[in-house]
Amino acid sequence: QSLASTCQNVTWMAWRGVYRYVKNTMQTAWCISILVAAAFTMRVSIRSDQGVTDDNQVLKGLKVLVIDDSKTIRKTAETLLAKEGCEVFTAVDGFDALAKVADHSPDIVFVDIMMPRLDGYQTCSLIKHNKVFKSIPVIMLSSKDGLFDRARGRIVGSEHYLTKPFTKDELLSAIETHIGPR
């Protein structure tokens, strides 16, 4: 059995348990009010300036995984990041992404929220619940800029949230915030 197939089977079994929990708890107004309250009290981590003057020194050789079902978003991010010296891997959905996380151990992951089969929340949660990969920063990507979406992203473990379409500066700023000097 291939590594990708094994990841898909394990992912599906783990996700079924998470889905039942989320489905049952998300139906209550109480849970929604907790999510909104959590969003207001979220702390934003700010990395102190560490004297790095050349961005390419920080980004050169950085392994980045971009997960999005849109070929345009994947290609745009890949082009922008490759020009900065990053080694970029792309995936079309969460299942494909989990296999690439296992194969390449990326330094940072950008994941779209709305994807077929395994969405961004599920993908982020599975990465963050894995002992080996939980320290990888996960940045959520979405065309929605709602408070609920941001709160749900934080609950599953994402470190940052970018609204699409994003700029080159937003993409690089997110990386610099979550990746220290190399």
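These legends go with a set of close-ups of a predicted model.

**View 1. The whole chain, for orientation.** We're looking at a predicted model of a protein chain with 8 helices and 5 strands. Follow the chain along its sequence and the pattern reads α-α-α-β-α-β-α-β-α-β-α-β-α. Of its 182 residues, 40% count as buried. Take the contacts between residues at least 6 apart in sequence, and 66% of them join residues at least 24 apart. The chain exposes about 10,000 Å², with carbon and sulfur atoms supplying 55% of that.

**View 2**

**View 3. The neighbours of β3.** Strand β1 (residues 63–67) runs parallel to β3 and is joined to it by 4 bridges. Look for Val64, which stands opposite Ile108 of β3. Strand β4 (residues 138–142) also pairs with β3 in the parallel sense, again over 4 bridges. There, Asp112 stands opposite Leu141 in β4. To get from β3 to β4 the chain passes through α6, and this β-α-β crossover is right-handed.

View 4. An α-helix has 3.6 residues a turn, so residues three or four places apart point the same way.

View 5. Lys168 and Glu84 meet through their side chains in a salt bridge, at 3.1 Å from N to O. This pair links distant parts of the chain, 84 residues apart: Lys168 belongs to helix α8 (residues 168–178), while Glu84 lies in the loop between α4 and β2 (87–91). Lys168 is partly exposed at 37% relative accessible area, whereas Glu84, at 12%, counts as buried.

View 6. Lys75 pairs with Glu78 in a salt bridge whose closest N and O atoms are 3.5 Å apart. The two residues are 3 apart in α4 (residues 71–83), so about one helical turn separates them. Both ends see some solvent-accessible area: Lys75 is partly exposed at 45% relative accessibility, and Glu78 is partly exposed at 25%.

View 7. Lys128 sits in helix α6 (residues 120–128) and Glu159 in the loop between α7 (147–156) and β5 (160–163), so the pair links distant parts of the chain, 31 residues apart. Lys128 is buried, with 13% relative accessible area, but Glu159 is partly exposed, at 25%. Elsewhere, salt bridges that share partners join Asp68, Asp112 and Lys164 into one network. The salt bridge count for the model comes to 7.

Note on methods:
Residues numbered from 1 in each chain as written. Predicted model: local features only at pLDDT ≥ 70, side-chain atom pairs only at ≥ 80, totals over all residues. Heavy atoms only, no water. Salt bridge = Lys/Arg side-chain N within 4 Å of Asp/Glu carboxyl O. Buried < 20%, exposed > 50% of the residue type's maximum accessible area, 1.4 Å probe, protein only. Contact = heavy atoms within 4.5 Å. Areas by Shrake-Rupley, 256 points an atom, 1.4 Å probe, with all protein chains shown as cover. Pairing = 2+ DSSP bridges. Right-handed = clockwise from strand over helix to strand, strands pointing away.
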